[in-house]
Amino acid sequence: ERDICRIPDLEYMELRIFSQNWESVFFQNWILQVILSELLDVPTTIETGVYGARLNLYDPDSPFDYGNNDDVEALAVAKNVG
């Protein structure tokens, strides 16, 4: 809108990274979010599985909200999709 963002080379609208409620996974997802966003220009968000819970590294409030730890269906879909 303001010509601030670069146009990505890859044609992804957004990539959502699922994070459960383990702190080690939070840090891994933040690293993945930085690599995808900064190096590959792929827009990413981190999903916690809980409505309203936020965990994105780039969120201005820097929340550290815990997500759901028993969403087995989401993990099974992710495994099947690849």
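Is L39 buried or exposed? L39 counts as exposed because its relative accessibility is 65%, where exposed means over 50% relative accessible area, buried under 20% and partly exposed in between (1.4 Å probe, protein chains only). The model is predicted, so local features need pLDDT of at least 70 and side-chain atom pairs count only at pLDDT 80 or more, while totals for chains, interfaces and linings use all residues. Residues are numbered from 1 along each chain as its sequence is written, and side-chain values use heavy atoms, with hydrogens and water left out.

**Surface patch**

- L39 belongs to helix 1, which covers residues 23–39; helices (H or I, at least four residues) and strands (E, at least two) are DSSP runs, numbered from the N terminus.
- Together with I31, I35 and L40, L39 makes up a nonpolar surface patch with about 390 Å² of accessible area.
- Patch members have over 30% relative accessible area and no salt bridge, with nonpolar side chains (Val, Leu, Ile, Met, Phe, Trp, Tyr) joined within 5 Å and, in charged patches, like charges within 9 Å.
- Accessible areas come from the Shrake-Rupley method with a 1.4 Å probe, and for residues only the protein chains shown count as cover.

**Nonpolar core**

- Seven residues form the largest nonpolar core: I17, F26, W30, L36, V42, I46 and L55.
- Helix 1 supplies the largest share of this core, three residues.
- Such a core is a set of buried Ala, Val, Leu, Ile, Met, Phe, Trp, Tyr and Cys residues joined through side-chain atoms within 4.5 Å.
- In soluble globular proteins, nonpolar side chains tend to be buried together.

**N29**

- N29 is also a residue of helix 1, and its relative accessible area of 8% makes N29 buried.
- Beyond neighbours within four places in sequence, N29 is in contact (heavy atoms within 4.5 Å) with I17, F18, S19 and I46.

**Salt bridges**

- The whole structure contains two salt bridges, each defined as a side-chain nitrogen of Lys or Arg within 4 Å of a carboxyl oxygen of Asp or Glu.
- R16 is exposed at 57% relative accessible area, whereas E14 is partly exposed at 36%.
- R16 also forms a salt bridge with E47, with the closest N and O atoms 3.9 Å apart.
- Because E47 lies in strand 2 (residues 44–47) and R16 in strand 1 (residues 15–18), this pair ties together parts that are 31 residues apart in sequence.
- E47 is partly exposed, with a relative accessible area of 31%.
- Shared partners join E14, R16 and E47 into one salt-bridge network.
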